[in-house]
Amino acid sequence: MTQARQTSRLFALSLMASAALLLGGCGSSVKLDDKAGSGAAPISDATRPGGSGYGANNNTVPSTNVAPVVVAPSDNAGADIGLARVIYFDFDSNVVKEEFRGAIEGHAKRLTAAKGKKVVIEGHTDERGGREYNLALGQRRAEAVQKSLTLLGVSGEQIEAVSFGEERPAVQGSNEEAWAKNRRAEIKDR
Amino acid sequence: MQLPVSRRSALGGLFGGLALSLTLTAGGALWPLSAAHAQFRVEISGVGATQIPIAIGKFRDEARSPQPVSAIIKADLERSGLFKSLDASADRLDEVGRPPLSDWRSKGADALLAGSVTPLADGRFDIRYHLWDVLKAQDMGGLSLVVPAGDLRQAAHRIADEVYEKLTGDKGVFATRIAYVSKVGRQHTLVIADSDGEGTQAALTSAQPIISPAWSPDGRQLAYVSFEGGKAVVVVQDVSSGRRRVVAGFKGTNSAPAWSPDGRQLVVTLSRDGGSQLYVINVDGEGLRRLTQSAAIDTEATWSPDGGTVFFVSDRGGGPQIYRVPASGGSATRVTFSGSYNISPAISPDGRYMAYIGQVDGGAYRVHLMDLSGGSVKVLTDTRDDESPSFAPNSKQIIYASRAQGRDVLMTTSLDGRIKAKLTTPQADVREPVWGPQLNPSRR
């Protein structure tokens, strides 16, 4: 990783928190970009000094210039804080299993400490069964995670539970392994 | 492009900031699809117990028109499984004068269809047909239509409908449209096509999923669920203008729209009060009224044709089953009792039947048909992954989604399950078909 990129990344991490707040506002106001699969903010391609990867000769840019790069919030954000953002479920179940208690408690702690912070919980199912019924099952999973958080003191105003049913699988495939990875709820910052 | 949001569905301010940008042409919503979406291949399997042999001649001068009208009519009649066509193209037939009926009787025809297509000075076409009862040597009448070139296919379908009705006694459904969702890679398209799969047009293109399309009773609007804003909302779109608005965009998930028979209301599934429950809402987004009150999942509602009853799916008894509730509210009654997983109800326009998807022993999801007067149930298919059945406007056919050779395909079936047609398109996965109402070709 180049020096410029390392600097940019640190800058990006600190920007991310404020970006998440900027993207917030009214509950489900996610700007649509037809090209962005996750509905998160598009990455703004700022000019990079040294022209790394962009094919342009930027010899006129001072070497001390730091180009801010905003990274869209993603699952990796959880990894940076050390908190899992994906909770997996057994077949036909919306029970939040014991193994995810630590993650739930971690999110609850983080959200009760910052009342202005909002999250959306997206529930999903595997592909088996009808689409609308699966949409409702995914909603149940999202609401189960929501309930786990509100029981730990998080305000309902900070959470919106939504569902994608079977429409947004994490893993393609018609086997147990893929199905297990698709039965999930994802906690995303707003 | 800011999508207009009716005031009610902006309750709580949660939806106010939604910005949507979808690819819609300026002057209207429909534009022809690329080759990837067009060109359905139709495979018919099974035929009726009796097939009416009909001689169909090429329509006089049809080679001078942009559409092979006699071939369209022939394909329609054959696709129904109730006709066997005899080639009469060698004869010079048209709708004028009396054809050699005794000749055709000896060739085994019960009926003979002849016609003409004449281009007019103003660019429109005058299309006429005449039908003859060969056995009785009788004139069965005909019709003359004047249509623009773009309506010639629908005019041919309308003639096929008239021939079908004259010879079988049932109303035809060839001059109808279907809507379905097509998925190619990560692109989702809400497609409108003629009942034979031709003439595909894209009503909506999105990078996010589109599910649960539903035709308004007059065929002018489509309701559907879009995930374009990061969650499920119910949108109503005017087909010819492309104007769309969010009818239900409350907190949580908004889905499963179904139109009331008078076209004024939708029943929808909302999670705004926790869980998934049924609500009735006016098409303008006002007048929200909760219809079910359970701690279970209540979804996939559909109205009875007389407007008095709503059928829906609920797992209040454990697994998903189909229930009914008065449209004005009240307690729900269970309708399905065999099998542990029954979903996706559709009521025939004549009110006599309910089609639904039931999981059978062994795990396959198949189209079932229940006679609503007695409750008897028949399984109509032997495939594994059937979804979303929808009745044709004459209540005689059901279109549904299924899987064949690893692809998502559309299928139609007669109510006895004997006559089926498979519609496949090479590059796309197609699903969620809904059959639109009878069309008036002059209005399209």
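A: Of the 127 residues in the largest nonpolar core, B:I73, B:L112, B:L113 and B:V267 touch the most other members. A nonpolar core here is a set of buried Ala, Val, Leu, Ile, Met, Phe, Trp, Tyr and Cys residues joined through C-beta atoms within 7 Å. Buried means that 20 or more other C-beta atoms lie within 10 Å of a residue's own; exposed means 12 or fewer, partly exposed is in between, and C-beta atoms are placed from the backbone. The model is predicted: local features need pLDDT of at least 70, side-chain atom pairs count only at pLDDT 80 or more, and totals for chains, interfaces and linings use all residues. Residues are numbered from 1 along each chain as its sequence is written, while chains are lettered from A and ligands numbered from 1 in the order in which they are written.

Helix α3 (residues 152-168) of chain B gives the most to this core, with eight residues. Helices (H or I, at least four residues) and strands (E, at least two) are DSSP runs, numbered from the N terminus. Leaving aside neighbours within four places in sequence, B:I73 is in contact (C-beta atoms, placed from the backbone, within 7 Å) with residues including B:L113, B:A156, B:I159 and B:V163.

A second, separate core has 17 residues, among them A:I87, A:V119, A:V145 and A:L149. Just after α4(A), A:G153 has a positive phi of about 100 degrees.

Notes. Contact = placed C-beta atoms within 7 Å.
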